[in-house]
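Subject: Structure for your review

Dear colleague,

My notes on it follow directly after.

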Amino acid sequence: MMKSIRRWMSPDAAIPGAVAVKAWARAAGHTVHRLREAGGHEGVVVTPRAESPRWRLEWGTPQRSYFQVCELRMRGELGVQANLQMLLITAALMQRLEKQVFEQYTEDLQTHIDAQTPEEVRWLVLLRKLSGSHLGALRESFTVVGNLPAALSRWMSPELLGALGAARQSWLDDATDLTIVVQHRRMTLRMAMGEATPERLSAAVSLFEMALREARTVAERFASAQTEGGASTIPSLWSRSVAEPVEPPAA
């Protein structure tokens, strides 16, 4: 009982680093809330200034089992409905997930991927990879998969590839796990961030905003193509997104 009271009185104590995230957000003029979810996830929610691109940032206990430290999550809306499934994932995380899936399903004698498997893992198995020639020097650092190769190549524009290359040379090292998922109306970034510093938070936001701008361009292009051509021919693997809502909780 006393432990619960102490945690209520000092909400940052349970997650070292929350104070730093709040300080960074307030210095940038963002709005800050405390995150408490039914699944036991705790942390900080940040929403941007009105003039910034609209997104929601969460930092705290991980929602994905493959993160062993605190997780940074960012979500933004594409603005249009486009039947897209696209994933960018760091190479080291991809290799680890593929190994885990192989071991799990061979040991259990299972030949299917069930609904409990994270969507990132399902997509690695079911969707097509962007060619290494398009990724160029980044082919050893990232894998990109999707349900429509033309959309993938447009998303991985020279501008976004340049931002990814700059990130790899500075703050996004080989040991940092990261995924960026585009699905229907939304883009979600997840990355391991045990130590949330102002520099890493600002860099992650900049990368997210660049990826979101390029994803919006792709979504608008393919939403228009679907409208002009009638029913979409892009395969849909799941009937609805499992991403969490973007609206911030009450303060």
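L87 stands opposite V181 in β8. The strand that pairs with β8 here is β5 (residues 85-90); the two run antiparallel, and 5 bridges join β5 to β8 (residues 178-183). Please bear in mind throughout that the model is predicted.

On its other pairing, β8 is joined to β9 by 6 bridges, and these strands are antiparallel as well. Within this pairing, L178 has M191 of β9 as its bridge partner. β8 and β9 form a hairpin with 2 residues between them. H184 lies in the loop between these two strands and has a positive phi of about 60°, although it is not a glycine. The relative accessibility of H184 is 11%, so it counts as buried.

How many of the residues of β8 are buried? The count is 6 of the 6, so the strand is largely enclosed by the rest of the structure. Both of its faces are covered: L178, I180 and V182 are buried on one side, and T179, V181 and Q183 are buried on the other.

These strands belong to an open sheet of 9 strands with antiparallel pairing, in the order β1-β2-β3-β4-β9-β8-β5-β7-β6. The edges are taken by β1 (31-36) and β6 (128-129); each has a single partner strand, so one side of each is left without a neighbour in the sheet. Helix α4 (residues 119-126) packs on the sheet and touches β5, β6, β7 (142-146), β8 and β9 (186-192). The direction of α4 makes about 75° with that of β8.

I turn next to the salt bridges, of which the count comes to 9. R56, E58, E71, R73, R75 and R190 are linked in a network. Within it, the side chains of R56 and E58 meet at 2.7 Å, N to O. E58 also forms a salt bridge with R75, with the closest N and O atoms 3.0 Å apart.

A salt bridge of another kind of setting joins R168 and D174, whose side chains meet at 3.3 Å, N to O.

Helix α7 (residues 158-169) has 12 residues and reaches 16 Å from its first C-alpha to its last, close to the 16 Å expected at 1.5 Å a residue.

Yours sincerely

Notes: Residues numbered from 1 in each chain as written. Predicted model: local features only at pLDDT ≥ 70, side-chain atom pairs only at ≥ 80, totals over all residues. Heavy atoms only, no water. Pairing = 2+ DSSP bridges. Helix = DSSP H or I, 4+ residues; strand = E, 2+ residues; numbered from the N terminus. Contact = heavy atoms within 4.5 Å. Axes fitted to C-alpha atoms, helices over the stretch in contact; angles between N-to-C directions. Expected span 1.5 Å × (residues − 1). Salt bridge = Lys/Arg side-chain N within 4 Å of Asp/Glu carboxyl O. Buried < 20%, exposed > 50% of the residue type's maximum accessible area, 1.4 Å probe, protein only.
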